[in-house]
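Subject: Structure for you to look at

Hello,

Here is the structure I said I would pass on. Please open it before you read the notes below.

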Amino acid sequence: MTAKILAATATFGLLPESAEAARKDKKNKKDKKSKKILEEPKIEFEMPPLVDLKELDELNINAFDLEFKEDMDVREGTGAIVIHHAGLTKDMDISVPAIHDMHLGNGWAGIGYHFVIHKDGTIEQGRPLKYVGAHAYKNNLYTVGICMTGNYNMAYPPFEQTLAVEKLTAALCKKYNIKPDEYTIFGHRDLNDTSCPGEKFYPYLPQLIKNVHEVL
Ligand SMILES: [Zn+2]
């Protein structure tokens with residue numbers, strides 16, 4: 001009992017930022033590598049401040065005429081957004097049709113992400129938003145999947161790409177009336193055993209959430 005009280009006191013004694021980080025630590029079983037990055041000064045990359053909120057249909061989203069292999073289930077609700085990186089062996093851009101082919105090769109209906117954001121900030125539609133995606137094992141029914149091209153275990157994402165991620169996340173929060181926090185905006189690794197969306201990007205997710213929260 002005493003130990004419990006002491007632990008509770010210690011938790012509530014933390015500064016808000018530290019408490020948030022501690023909660024995440026506990027939740028995600030963070031490994032040493034990502035902790036190390038959190039402690040490093042934010043010199044190489046920062047989430048740009050999001051200054052304007054756009055509706056989803058105000059964003060320029062390119063759509064491809066993709067053919068899906070089978071009928072897909074319609075998503076019954078949207079409670080959370082999951083952010084991914086493509087995570088290929090090289091830190092490179094990749095087209096939506098190429099991801100579509102890869103995912104067909106996995107035996108899926110087609111591309112599993114609902115959106116793909118390129119390094120130059122271009123947003124493209126993957127699997128139509130109304131359908132259940134294939135991007136976060138056991139967590140697809142209620143989520144929208146956004147994939148940033150690149151490998152953010154190796155590199156930091158460009159400014160344009162991170163800004164586009166924020167804009168799209170904010171527009172989706174607005175559309176689905178989602179309150180952005182650590183239980184509604186996830187990195188893939190929060191839900192499954194993966195390094196996605198990358199050691200170098202993941203530590204900035206709290207800043208993304210804060211920026212989206214401020215603009216809504
Ligand atoms: Zn992922």
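The model is predicted, with a mean pLDDT of 85, and 80% of the residues reach 70 or more. Two stretches fall below 50. One is residues 1-23, which has six contacts in the model beyond near neighbours in sequence. The other is residues 29-36, also with six such contacts.

Overall fold

The protein has seven helices and six strands. Starting at the N terminus, their order is α-α-α-β-β-α-β-β-β-α-β-α-α. Of the 216 residues, 35% are buried. Taking contacts between residues at least 6 apart in sequence, 76% join residues at least 24 apart.

Helix 5

Helix 5 covers residues 159-176, which is 18 residues. From first C-alpha to last it reaches 26 Å, close to the 26 Å expected at 1.5 Å a residue.

Which residues of helix 5 are buried? They include Gln161 and Thr162, as well as Ala164, Val165, Glu166, Lys167 and Leu168. Further along, Thr169, Ala170, Ala171, Leu172 and Cys173 are buried too. The elements that cover the buried residues of helix 5 include strand 2 (80-85), strand 3 (115-117), strand 4 (123-125), strand 5 (143-148), strand 6 (185-187) and helix 7 (205-215).

In soluble globular proteins, nonpolar side chains tend to be buried together. Here the largest nonpolar core has 37 residues, and the members that touch the most others are Ile81, Ile117, Ile146, Val165, Leu168 and Leu208. At least two residues of this core come from each of strand 2, helix 4 (96-105), strand 3, strand 5, helix 5, strand 6 and helix 7. Helix 5 gives the largest share, seven residues.

Leaving out residues up to four places away in sequence, Val165 touches Ile83, Ile117, Ile146, Met148 and Leu208.

Is Asn177 buried or exposed? Asn177 is exposed, because it has 9 other C-beta atoms within 10 Å, and the cut-off for exposed is 12 or fewer. Asn177 and Leu216 are 39 residues apart along the chain, yet their C-alpha atoms are separated by 9.9 Å.

Regards

Conventions: Residues are numbered from 1 along each chain as its sequence is written. Helices (H or I, at least four residues) and strands (E, at least two) are DSSP runs, numbered from the N terminus. A residue is buried if 20 or more other C-beta atoms lie within 10 Å of its own, exposed if 12 or fewer, and partly exposed in between; C-beta atoms are placed from the backbone. Two residues are in contact if their C-beta atoms, placed from the backbone, lie within 7 Å. The expected span of a helix is 1.5 Å times one less than its number of residues. pLDDT is the predictor's confidence in each residue, from 0 to 100. A nonpolar core is a set of buried Ala, Val, Leu, Ile, Met, Phe, Trp, Tyr and Cys residues joined through C-beta atoms within 7 Å.
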